[in-house]
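Here are my notes on the model you sent over. Have it open while you read, and tell me if anything looks off.

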Protein chains: 4
Amino acid sequence: MASSSAQIKVGIVGGTGYTGVELLRLLSAHPNAKLHAITSRKEEGMPVADMFPNLRGHVDLAFSAPENAALTECDVVFFATPHGVAMGQARALIEAGVKVIDLAADFRLQDTAVFEKWYKMPHACPDVLKDSVYGLVELNREKVAGAQVIGNPGCYPTTVILGLTPLLEKGLIKLDNIIADCKSGVSGAGRKTEVGSLFSEASDNFKAYGVSGHRHHPEIVEQLGKIAGQPVGLTFVPHLVPMIRGMLSTIYVKIKPEALETDFQALYEQRYQNEAFVDVMPVGSLPETRSVRASNQLRIALHRPGHGDTLIVVVVQDNLVKGAAGQAVQNMNVLFGLAEQTGLDQVAILP
Amino acid sequence: MASSSAQIKVGIVGGTGYTGVELLRLLSAHPNAKLHAITSRKEEGMPVADMFPNLRGHVDLAFSAPENAALTECDVVFFATPHGVAMGQARALIEAGVKVIDLAADFRLQDTAVFEKWYKMPHACPDVLKDSVYGLVELNREKVAGAQVIGNPGCYPTTVILGLTPLLEKGLIKLDNIIADCKSGVSGAGRKTEVGSLFSEASDNFKAYGVSGHRHHPEIVEQLGKIAGQPVGLTFVPHLVPMIRGMLSTIYVKIKPEALETDFQALYEQRYQNEAFVDVMPVGSLPETRSVRASNQLRIALHRPGHGDTLIVVVVQDNLVKGAAGQAVQNMNVLFGLAEQTGLDQVAILP
Amino acid sequence: MASSSAQIKVGIVGGTGYTGVELLRLLSAHPNAKLHAITSRKEEGMPVADMFPNLRGHVDLAFSAPENAALTECDVVFFATPHGVAMGQARALIEAGVKVIDLAADFRLQDTAVFEKWYKMPHACPDVLKDSVYGLVELNREKVAGAQVIGNPGCYPTTVILGLTPLLEKGLIKLDNIIADCKSGVSGAGRKTEVGSLFSEASDNFKAYGVSGHRHHPEIVEQLGKIAGQPVGLTFVPHLVPMIRGMLSTIYVKIKPEALETDFQALYEQRYQNEAFVDVMPVGSLPETRSVRASNQLRIALHRPGHGDTLIVVVVQDNLVKGAAGQAVQNMNVLFGLAEQTGLDQVAILP
Amino acid sequence: MASSSAQIKVGIVGGTGYTGVELLRLLSAHPNAKLHAITSRKEEGMPVADMFPNLRGHVDLAFSAPENAALTECDVVFFATPHGVAMGQARALIEAGVKVIDLAADFRLQDTAVFEKWYKMPHACPDVLKDSVYGLVELNREKVAGAQVIGNPGCYPTTVILGLTPLLEKGLIKLDNIIADCKSGVSGAGRKTEVGSLFSEASDNFKAYGVSGHRHHPEIVEQLGKIAGQPVGLTFVPHLVPMIRGMLSTIYVKIKPEALETDFQALYEQRYQNEAFVDVMPVGSLPETRSVRASNQLRIALHRPGHGDTLIVVVVQDNLVKGAAGQAVQNMNVLFGLAEQTGLDQVAILP
């Protein structure tokens, strides 16, 4: 394990998507990381900064073909690839002593049957999966520190799980009817060229999608169930917002009769008081996605209309940072014994 | 009452906001309407098309001061004014035999105590209010036809009420826990100059607002209760979407155990089969706000994840058309015995 | 030729792009047009309104394969296809007595060598091209009326040519240094799935493109030269604006010394006084693209800073309407002896 | 003067606008700056982070009334105020030995008559103005280092001046006909509540403004004339782009006959080779505003269509950073002997 002053040699597999360029933005400015290899079969030889001009002057590397990349020389390899890639390459890296952080779904779901159902492929390495850690540091800090393979959480799951954790840990809400109405910016769909992601389709428009089923549903349910110690019933509806970055989840829960007197604000503040990246806002706050734009911060506000039995938890994050690349770097920091905020203390961009 | 071939003389009080310009767009192209007077004290004398250049060549009128406008010569007067204006002028117009359609809230809430609580002013004419009609044509067509004063519904209420009407009329859902997670484009905030409505604040951003209480909540609750025949418990959270026009409401309800076998799709299709402006989309549809942009259409789709006891109703409309000016013209059409679609058959603008 | 009261049978080849859906929006509401066939090989059998939900209730047709479409039964066929398609099918249609309006570039450039250079394909029917008419009605009304094949102008050319016509016709400006700095909404790039057209790439961003050469350059130059009676020197730089629809061209010209006393405002007003779709705005106006959104209007304003020898012509249009589908319908109206505004009198959508 | 390791005590007058919050974002992360006082009469007592939630956890200060702020204790005071404020307070600060950096126009124009004409107020301290320095570091590095009062350049001027400097210094272009067609994001209009800056007005729209005269015109002309050693003739047309941040200027110049053989690319690369914040992109590049979003970088690309006598210079920057707050911090760095990039090495946010 690298000491906090040494340079961590970093590889990125699949650096041409939005989580890839976001990793590059964060890691190129990280005081303890050194970019060693970035792979893309399609763009082999192209300087990374030619594709992403914001990196001009910050990243000198060119894309290399996966087979030529010196990935086994790295201390850690991030997979910013489609689902299914990381699990095919993880074993070789592990054997070379390289830590693996997968930003896709290969190491998020412990139940391989559920994985196969939603991702339409068999899991390539169930044994590696079994030893992997779900990289939500606020829940699993100790395990992350000792992990070899980390499944970086999905963007929606990060908001819903952190939004509900204090309630579930204390058993304060009914578990059979949690509603998560979630909204994401378009970058969540990635840099793939699909009609629905075109500017002229997604701009000045709003819609729900995946109402009949979304891959993040089983992931959220698995994690919530783990915290609650029993299964939870979740209705999850994602929506597409005409903005590039940002995610807001409005979560509706029913307070148990015996918990109606709880000071929920105090509960949340206490639960997250030592968390650098979770900001419990004052009572009555209305978090905006721009308050976390391009930062690793996640903000939570609680509302209880008419002081009744419905509690509303509003959570915001930048889907590409705390919801993807920033959280992955946070995992790297824990993995290598660095202070958790290292390289992640950017102020959000507003306006 | 004018016959369908005659010209209806129309006055508009307060033509400088977004509902005003939208009324002008629709009425200037309406085959049976003739714009007679448009008032604005502040802009007296300014040609309307100087303020709204889209109207160049379509509207020749200039703004006139309210006291100089020949409103009593009109057949109908629309109030596109802040709350509180219409109720101050309604009586004089009624006495002159003029029909009144208020796009603000003065004639939406029958309970004046509720009105005073939410709009911070006493009601100026409770007797007129008592005789007024809530102008949701799909519910109150007969009453609208015979009305003297119409309270044009709020934008959010239009979506939530029409989204739930078939369920409430048949008593198929639990009434104590309806959740309406609603999203609106920024034009819903009007043309007032407020920091939160600035481009640099509202663009590339998403937020909830009014979580602790919104004026449309009592309006929705009053109407839903009327349909259901008993009080309903509603949690209503509006959100602001970075788009100009458009509104989408995601409504979550619990089906009663005895109603689980209902064919909800058939129920909705049947209920709205004769409604020109309510489109029940096929099972599994994902309505987009742009599918109704600048049209008076409202579209509904039903979802029932896992065929469980949660039913999700997704409703879209253009908040300035079916949610405001278009619905007002629809009311005018009914009021004057015209075919309901007259002047309202525009195809939505996509892309 | 159809009389103005008869129904024109209309075919559309390639109805799945933005000019296609815009044609459908306009033609489905056109009082003298009847949609007869819409082709798309890829989407054969799919109801058009399934792809474009704004057309639900307005268009009942399904896409048909090109070879099965009854195009030769039509009175007119619009080609909303990529460059090169119309010229391959035009002859067969002409022989069947069908009028052809091509929205692509096949019949815009009279010089086939120039066509081949810019569109990388030989011209398939130079003889048809020779008899075709450049469908800018404001310049070529008589010829359009008698044409068999019409090349519908490009979007940028429409603004630049109409912006300069009065000056060129009177010989008032220097011809060696015309600068057209043009800006277009993203829909101009069509519905093709290209990375640069993704929301997350084009939103909150601004860039120039095609600086070293754009296909509309030779088209503009050919038409300007024809009006001026001699070659013109044009610098043309297009830019991409993060909006769906709209185009604004800022044109800089040098007034000849002998023409400095000209009343340019009067010149423009006189030149376009009988043109329904060209609005010369008052001196000092600042036209906005939204003032023509979804309408066939084109607006022009003149500026002459410090009353010097530089004249600035600002032109706005909706690139999909006057810059494409609306202009095509305008051509159809002229072709079939209808009033030019028939079906094209929509008020622009603002806000 | 503080040494590079000491902490510079910083005051900000007028911290409630966009340049104010951007200064706060940059300075709160600056390793050598310590925020000492932020003034706002209107918001006295309000924690800064309550107004700008992106600063939660980064800025603990509250706004103080100007008269109570310990501004004379500061090493440097930034004025992020409307025009006219800084010149009223500069003398008192100078006498207390405090450096002044004005982000408004009070110290940009040396000719007070020109100032009065454009800003409609007499200049309060012509003697201070005379000793002040125009804070474009790339031109005036030495003078900035020794200045007491700095006029931070306007956003448009920064792009046009840096875009033309290499040409003017070498006398390679005609000076009587420079055209700068400039485009800015809406944040350039500030946080003032004006109708034209509303989301529903500025979104999905594009327009020119200030065509008959803009305050940045005399500023640009004064600086270009100084570099060229003689007056220049400039046509300058600003436009409003529906994006929050970003500015792109397309500059058209005529190359002198004797300079046609110049290697302009080499000229620019050489002129700016030691400038950390000026990036001369490779031949043929198309700079995008997002490539500099939230960074202090300015990028330039050259185009010469057909290798003729027209040279096109395309320049992009973030109007709030290099065009305002970032450039102000760059000035502070030079003023206090720090490395120029200190606190300004952020990677631009893309997507």
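1. Which residues does Cys155(A) touch, not counting residues up to four places away in sequence? They are His216(A), Met247(A), Gln317(A), Asn319(A) and Gly323(A), with contact meaning heavy atoms within 4.5 Å. Before going on, some housekeeping: this is a predicted model, where local features need pLDDT of at least 70 and side-chain atom pairs count only at pLDDT 80 or more, while totals for chains, interfaces and linings use all residues. Residues are numbered from 1 along each chain as its sequence is written, chains are lettered from A and ligands numbered from 1 in the order in which they are written, and side-chain values use heavy atoms, with hydrogens and water left out.

2. Staying with Cys155(A): UniProt lists this residue under "active site", in an unreviewed entry. Such annotations may be inferred rather than shown by experiment, and their positions are given in the numbering used here, with feature names shortened. Cys155(A) sits in helix H7 (residues 155-170) of chain A; helices (H or I, at least four residues) and strands (E, at least two) are DSSP runs, numbered from the N terminus. With a relative accessible area of 14%, Cys155(A) is buried. The scale runs like this: buried is under 20% relative accessible area, exposed is over 50%, and partly exposed is in between (1.4 Å probe, protein chains only).

3. Now for chain D. His303(D) is in strand S12 (residues 298-303) and is buried, at 7% relative accessible area. Its side chain reaches the backbone oxygen of Ser285(D) at 2.7 Å. Leaving aside neighbours within four places in sequence, the contacts of His303(D) include Val211(C), Gly284(D), Leu286(D) and Thr310(D).

4. On to the rings. Over all chains there are 14 aromatic pairs, counted when rings of Phe, Tyr and Trp (its six-membered ring) have centres within 6.5 Å; planes under 30 degrees apart are stacked, over 60 edge-to-face, and the rest tilted. One of them is Phe199(A) with Phe199(C), stacked at 5.7 Å centre to centre and 15 degrees between the planes. This pair crosses between chains, from helix H8 (residues 199-202) of chain A to helix H8 (residues 199-202) of chain C. Both Phe199(A) and Phe199(C) are buried.

5. Tyr156(C) and Phe236(C) make an edge-to-face pair, because their centres are 5.3 Å apart and their planes are at 70 degrees. The pair links distant parts of the chain, 80 residues apart: Tyr156(C) is in helix H7 (residues 155-170) and Phe236(C) in strand S9 (residues 234-241) of chain C. Tyr156(C) is buried at 1% relative accessible area, and Phe236(C) counts as buried at 4%.

6. Finally, a residue at the other end of the scale. Gly229(A) lies in the loop between helix H9 (216-228) and strand S9 (234-241) of chain A. At 62% relative accessibility, Gly229(A) counts as exposed. Gly229(A) and Asp279(A) are 50 residues apart in sequence and 26 Å apart in space, C-alpha to C-alpha.

Conventions. A polar contact is a pair of N or O atoms within 3.5 Å; within protein, one must be able to donate a hydrogen and the other to accept it, and residues adjacent in sequence count only if both atoms are side-chain atoms.
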